[in-house]
Structure formats: structure tokens, C-alpha cells
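Me: I am new to this structure and would like a short walk through it. Could we begin with the term needed for the charged side chains?

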Amino acid sequence: MIDRFQAIATFRYGLPRFDQTLTPVGESAIEFVVRKRPDKEVEQGGRLPDPQKQLTAHGHTLLTGLPAKGN
């Protein structure tokens with residue numbers, strides 16, 4: 001049974017993978033995503049991060065205003 005369905009429009013898909021709730025416009029929510037995994041993901045054993053979209057320490061600081069871990 002689905003109790004409530006609400007689209008969350010503040011997730012920014014163009015950013016690298018990191019905790020977007022640390023940004024000033026971020027929201028947090030509990031969500032479940034159900035989708036069929038493409039064959040490539042099944043072969044790799046899961047969804048791997050895009051090597052072209054890695055967050056740098058400087059980028060983390062710019063997005064969140066917090067110092068990156070290790071600095």
C-alpha cells in the first residue's frame with residue numbers, strides 16, 4: 001500500500017554523488033527507488049560512480065560551506 005507519493009524537485013542530478021542535504025537548498029527525505037537494473041550494472045555487481053563526476057575537496061567546500069574531510 002502506498003501511503004503518500006510526493007515528487008522531490010530539489011535533487012540536482014547534474015552534481016557528483018554526495019550528500020546534497022549539506023547544501024543550503026537541500027532537503028532530506030526517505031525514499032525508495034525501484035527500478036530494473038541494466039545488464040551492465042548486473043555484470044559490475046552494482047551501480048558504480050561515474051568517473052567523470054567526482055567531487056573534489058574544493059568542490060565539496062564550495063557546495064556546502066564546510067571544510068572537506070582531511071583538511
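Reply: A salt bridge is a side-chain nitrogen of Lys or Arg within 4 Å of a carboxyl oxygen of Asp or Glu. Please note that this is a predicted model.

Me: How many salt bridges does a search of the whole structure find?
Reply: The search finds two. In one of them, the side chain of Glu41 meets that of Arg37, at 3.9 Å from N to O. The side chains of Arg35 and Glu41 also form a salt bridge, with an N to O distance of 3.0 Å.

Me: Which residues are linked in a network of salt bridges?
Reply: The network links Arg35, Arg37 and Glu41.

Me: Is Glu41 buried or exposed?
Reply: Glu41 counts as buried because its relative accessibility is 14%, and the cut-off for buried is under 20%.

Me: What about Arg35 and Arg37?
Reply: Arg35 is partly exposed, with a relative accessible area of 44%. Arg37 is partly exposed at 39%.

Me: Changing topic, what is the secondary structure of the protein chain?
Reply: The protein chain has two helices and zero strands.

Me: And how many of its residues count as buried?
Reply: The chain has 71 residues, of which 14% count as buried.

Me: What is its accessible surface?
Reply: The accessible surface of the protein chain is about 6,700 Å², and carbon and sulfur atoms hold 56% of that area.

Me: Lastly, what share of the contacts joins residues 24 or more positions apart?
Reply: Among contacts in the protein chain with a separation of 6 or more, such residues account for 40%.

Key: Residues numbered from 1 in each chain as written. Predicted model: local features only at pLDDT ≥ 70, side-chain atom pairs only at ≥ 80, totals over all residues. Heavy atoms only, no water. Helix = DSSP H or I, 4+ residues; strand = E, 2+ residues; numbered from the N terminus. Buried < 20%, exposed > 50% of the residue type's maximum accessible area, 1.4 Å probe, protein only. Contact = heavy atoms within 4.5 Å. Areas by Shrake-Rupley, 256 points an atom, 1.4 Å probe, with all protein chains shown as cover.
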